[in-house]
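Me: I would like to learn how to read a structure like this one. Could you take me through it feature by feature?

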Amino acid sequence: MNEVMPTPQIDYLPLLPMIIVAAAAVIGVIVEAFAPRRARRPIQLVLAFGSLIAAFATLVWQSGVRSTEVEGAVVIDGPAVILQGIVLLIAIVAALLISERTLDPAGDSFAPRASALPGSEDERQFTARGYLQTEVWPLFLFSVLGMLLFPAANNLLVMFVALEVMSLPLYLLAGMARRRRLLSQEAALKYFILGAFSSAFFLFGAALTYGFAGTIEFPGIAAALTAQPGLSALLVGGLALIGVGMLFKIGAVPFHQWVPDVYQGSPTPITAFMAAAVKVAAIGALMRVLYVAFGGIRWDWQFMLWVIAALTMLVGSIVAISQSDIKRMLAYSSIAQAGFILVGVSAASQAGLDAALFYLIAYGFTTMGTFAVVSLVRDSTGEATKISQWAGLGRKSPILATCFAIFMLALAGIPLTSGFVGKFLVFEAALAADAVVVVLLGVLASIIAAFFYARIIVVMFFSDPPEDGPSVVIPSAATTLALAISVAVTVILGILPQPVLDLIEQAGVFLG
Amino acid sequence: MTIPWLTALMVLPLVGSLVTLVLPRSRPTVIKSWALIVALATLGLTIAMALQFQADAAAPFQFTESYPWIPALGISYSVGVDGIGLVLVALATVLVPVVIVSGWNDVDDSATKGYFGLLLVLEALMVGVFSATDVFLFYVFFEVMLIPVYFLIGRFGGPGRARAAVKFLLYSLVGGLLMLAALIGLYVVSAQVLGQGTFDFLSLVGLDIDPNMQKVLFLGFFIAFAIKAPLWPFHTWLPDAAKEATPATAILLIGVLDKVGTFGMIRYLLPIFPAASEFYAPLVIALAVIGILYGALVALGQTDMKRLFAYSSMSHFGFIVLGIFVFTLQGGSGSTVYMLAHGLSTAAVFITAGYLMQRNGGSSLISSYGGVNKVAPVLAGFFLFAAMSSLALPGLASFVGEFLVLIGTFIRYWWVAAIATIGIVITAAYALRLYQKVATGPTAPSLEGTRDIGAREIVPLAVVAVLTVAIGLFPGPVLEVVNPAVERTLEVVGVPAPDIPQAGVNGGEAP
């Protein structure tokens with residue numbers, strides 16, 4: 001065992017997007033520590049937007065490169081580039097929402113001092129002094145870094161590291177809401193504890209898989225599957241536990257219990273970011289593990305994944321009906337949407353991969369848009385998240401309500417919206433894989449889901465506004481821009497999806 | 001260069017609708033006048049197009065346009081009409097200006113913009129759904145159409161409108177999503193047969209699909225169409241929607257939109273799934289006959305005018321579906337004429353009902369009326385005309401349709417025709433009873449001193465009446481346009497015509 005560890009050959013250019021975001025995050029921490037309070041926000045804004053845009057530009061510049069880097073630990077292939085691109089674009093929109101400071105009269109959406117006990121004297125003082133923190137920015141950037149690495153990781157350990165880099169900042173961010181802090185802290189704790197469990201599952205699964213294959217690298221695992229046909233306990237246990245860890249992050253049934261509480265308690269810009277970007281990264285990573293490492297036994301996991309996808313669609317849709325809080329309803333809706341994406345994933349084909357990628361783009365932007373609207377409907381105690389409070393919104397703010405209606409129609413999968421094209425592709429991939437029952441269950445779930453999406457439209461447009469209803473705050477340019485981007489993507493991808501379909505088709509397959 | 005007629009017919013109302021957005025909210029008359037101008041211009045364009053239509057052309061579709069839309073999935077923007085499509089496009093473009101004038105004062109001034117804007121959007125989508133020759137495009141119109149109707153019912157209707165709108169939307173979505181699943185299935189099958197998936201209608205016609213697969217896919221489409229049409233037992237959304245919607249919405253919904261169901265059957269189900277159509281025909285015919293009788297009987301028991309019309313429509317839709325699934329030329333052509341006639345008679349009954357309700361505090365309860373012929377004789381006269389049109393009095397358009405359907409049914413299954421005839425008797429009963437209760441007898445106190453209809457209210461009714469009589473007396477031109485399309489469809493289905501000697505009917509050409 002006297003092997004010398006080889007110096008890894010690294011071509012930095014394809015990794016540059018991740019390096020840029022990582023550097024910005026680290027510099028952000030230093031800024032928090034040393035820059036004067038007043039200078040922090042401008043610096044952080046420049047760092048965040050600058051690094052995200054620069055990372056995206058580099059990604060586009062290097063998008064033709066297909067290679068495995070760092071001794072096979074990271075792989076830059078077509079799907080990885082697409083997924084990283086989606087994550088970066090969503091992050092840019094999320095940054096717009098996070099930077100918003102005109103909605104809440106007290107400042108922004110984040111607690112002036114996250115460590116202060118809710119309701120304590122400490123907290124009151126910090127609020128009274130009007131402190132505004134910028135610590136959210138480096139945390140946010142670290143999380144983006146994790147998301148960039150997650151779908152590009154080519155072995156189980158790097159994937160685990162990426163998972164943690166993505167998740168740890170999110171646990172903190174979830175607990176930083178300015179309003180309803182107990183709810184927010186509960187969300188953070190719940191997310192953290194359950195997240196820690198799921199990470200442990202993932203790690204244990206990785207260990208078992210190592211025991212089976214003797215390697216943690218995906219191509220190596222795939223080779224071991226060919227070399228040792230048949231299912232061993234180590235293999236089944238390893239795959240199952242890795243699957244649990246990832247399905248938890250995706251919020252698939254039955255690992256979805258945390259989703260409504262966390263989405264409800266977190267600051268809304270963070271909820272938007274989580275709901276959209278985590279799903280993109282986690283589904284991308286799940287597809288890589290399943291297709292590249294465990295592609296050889298797809299007939300064994302495919303059925304299980306069909307079941308999970310069907311359950312996720314149905315449970316998400318059914319439970320969403322009874323929600324009275326808009327954020328919780330959107331949380332269950334996002335569970336249901338994850339189910340539809342999983343239908344594409346479990347098709348285990350090129351069509352399935354393409355469908356899932358398209359659906360992620362569509363879903364990501366629509367979700368950002370919905371939460372952007374949620375952040376604008378407010379009363380004196382903060383966001384008005386009771387659905388009944390939204391009555392008559394269509395009369396008072398027709399434009400905003402129309403935007404939200406478009407998002408609802410997209411989530412319901414009505415033609416000429418991005419959601420429809422996504423659903424179409426997913427169902428097509430599933431039917432081509434002979435999963436008729438799953439498609440019929442998907443249809444059933446769509447019908448159930450349509451009910452609560454339609455109900456929101458009823459509340460907004462067909463009922464009269466209450467006397468003391470919430471007001472809609474006029475957003476600053478940042479939120480307006482985020483909303484405009486979301487609406488534009490939702491509609492354009494619905495009417496003219498061809499360019500994006502071409503892009504995804506060119507991306508091709510995972511490098512094995 | 002050929003003129004893109006059909007695209008123009010869609011773009012015109014759509015642009016018109018966008019313009020209403022920028023018109024001043026405080027000037028409702030301007031908005032209404034603009035909507036009317038746009039609708040009339042669209043009608044003019046339709047007439048100009050229809051004059052160019054060659055009934056004896058060899059090509060299945062005319063005025064065709066085709067551009068790739070989503071080539072990755074074999075989807076194109078392809079439009080074109082055959083005789084059946086042309087008739088229904090014409091029906092839609094005739095009825096929109098009619099309902100704009102008749103519904104001039106249906107909504108508050110503040111809601112004018114949304115209401116008339118949505119009506120124009122709906123017009124564009126109706127033209128699209130009847131002229132799409134790409135099955136995917138058809139599906140898109142089919143589904144997107146729900147949205148303006150959903151808003152039209154939910155925002156501008158009666159007290160139970162929100163519930164009715166959601167019920168309508170969910171029923172339609174159930175059908176739509178099943179159809180989507182079948183549509184994707186069809187695409188996957190076409191990819192297996194042709195090597196490359198397609199949604200092009202003409203490529204799908206006569207596609208060699210395994211009969212068992214056909215039976216499965218047929219059901220997906222059929223349920224969607226049966227909900228739309230609506231066929232028993234998929235009809236329960238219709239009475240609610242009809243009762244709560246404004247007369248204009250109800251006319252477009254029942255008169256035109258529901259025809260998408262029957263149109264879909266004759267245009268898509270029969271040619272694409274011939275084996276399955278033959279297999280399911282007995283079942284569908286049974287449902288149609290049940291619908292005829294059930295709708296008529298339930299209509300007899302209604303206390304609410306609008307619900308009565310909804311059930312009566314259901315009964316008439318039974319006739320239309322029956323005519324389609326007996327696979328005879330008379331049946332198919334009769335169904336198409338009946339679609340047209342039913343659109344006109346629906347317009348007549350709902351316009352007169354709307355006028356009556358305006359004069360009686362918005363009540364649609366039959367018992368709250370009486371003696372209208374004394375205070376408003378012209379209105380009562382048109383109401384009688386509407387009732388006659390509904391019961392298919394000879395000389396009116398609906399008679400031609402109903403008679404042809406019955407002939408077409410008789411030569412295939414005489415006993416089915418015999419049972420269906422019972423429906424006609426019941427129809428006469430409820431239509432005449434309705435007229436008797438509403439228009440004759442002592443004048444209801446709430447109607448005392450009400451004014452008769454004025455010129456603005458008469459014009460749309462007169463237009464409908466003239467068309468109804470004209471088609472009733474001279475159905476020849478319509479049948480000439482429709483017959484080739486129906487013949488072509490029946491050729492694909494391939495069920496041999498019954499050997500009973502056939503005669504030309506009312507100027508229609510003998511096959």
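Reply: Gladly! Let us begin with helix axes: these are lines fitted to C-alpha atoms, for helices over the stretch in contact, and angles run from 0 to 180 degrees between N-to-C directions. The helices themselves (H or I, at least four residues) and the strands (E, at least two) are DSSP runs, numbered from the N terminus. Please keep in mind that this is a predicted model, where local features need pLDDT of at least 70, side-chain atom pairs count only at pLDDT 80 or more, and totals for chains, interfaces and linings use all residues. Residues are numbered from 1 along each chain as its sequence is written, while chains are lettered from A and ligands numbered from 1 in the order in which they are written.

Me: At what angle do helix H11 and helix H15 of chain B pack?

Reply: Two packed helices are described by the angle between their axes and the distance between the axes. For H11 (residues 247–257) and H15 (residues 329–359) of chain B, the angle is about 165° and the axes are 9 Å apart. H11(B) and H15(B) are therefore roughly antiparallel; angles under 35 degrees count as roughly parallel, over 145 as roughly antiparallel, 65 to 115 as roughly perpendicular and the rest as oblique. Their crossing is right-handed. A crossing is left-handed if the near helix is turned anticlockwise from the far one by less than a right angle, and right-handed if clockwise.

Me: Which residues make that contact?

Reply: Two residues are in contact if their C-beta atoms, placed from the backbone, lie within 7 Å. H11(B) contributes Pro247(B), Ala250(B), Ile251(B), Ile254(B), Gly255(B) and Val256(B), and among the residues of H15(B) are Gly343(B), Ala347(B) and Phe350(B). By class, this contact has nine nonpolar, four polar and no charged residues. Here Ala, Val, Leu, Ile, Met, Phe, Trp, Tyr, Cys and Pro count as nonpolar, Asp, Glu, Lys and Arg as charged, and the others, Gly among them, as polar.

Me: Is Ala347(B) buried or exposed?

Reply: A residue is buried if 20 or more other C-beta atoms lie within 10 Å of its own, exposed if 12 or fewer, and partly exposed in between, with C-beta atoms placed from the backbone. Ala347(B) has 33 such atoms within 10 Å, so it is buried. Leaving out residues up to four places away in sequence, Ala347(B) touches Leu95(B), Val98(B), Ile251(B), Gly255(B) and Val464(B).

Me: How do H10(B) and H14(B) cross?

Reply: H10 (residues 237–244) and H14 (residues 305–325) of chain B have axes that come within 8 Å and cross at roughly 140°. They are therefore oblique to each other, and the crossing is right-handed. The contact of H10(B) with H14(B) has seven nonpolar, no polar and three charged residues.

Me: What span should helix H4 of chain B have?

Reply: The expected span of a helix is 1.5 Å times one less than its number of residues. H4(B) (residues 112–131) has 20 residues and should span 28 Å; its end C-alpha atoms are 29 Å apart, which agrees. H4(B) is mostly covered, with 20 of its 20 residues buried. Over in chain A, H17 (residues 418–432) has 15 residues and reaches 21 Å from its first C-alpha to its last, close to the 21 Å expected. Since 15 of the 15 residues of H17(A) are buried, this helix is largely enclosed by the rest of the structure.

Me: How many residues of chain B are in contact with chain A?

Reply: 26 residues of chain B are in contact with 26 residues of chain A. On the chain B side, helix H7 (161–194) gives the most, with 15 residues. The residues of that side divide into 21 nonpolar, two polar and three charged.
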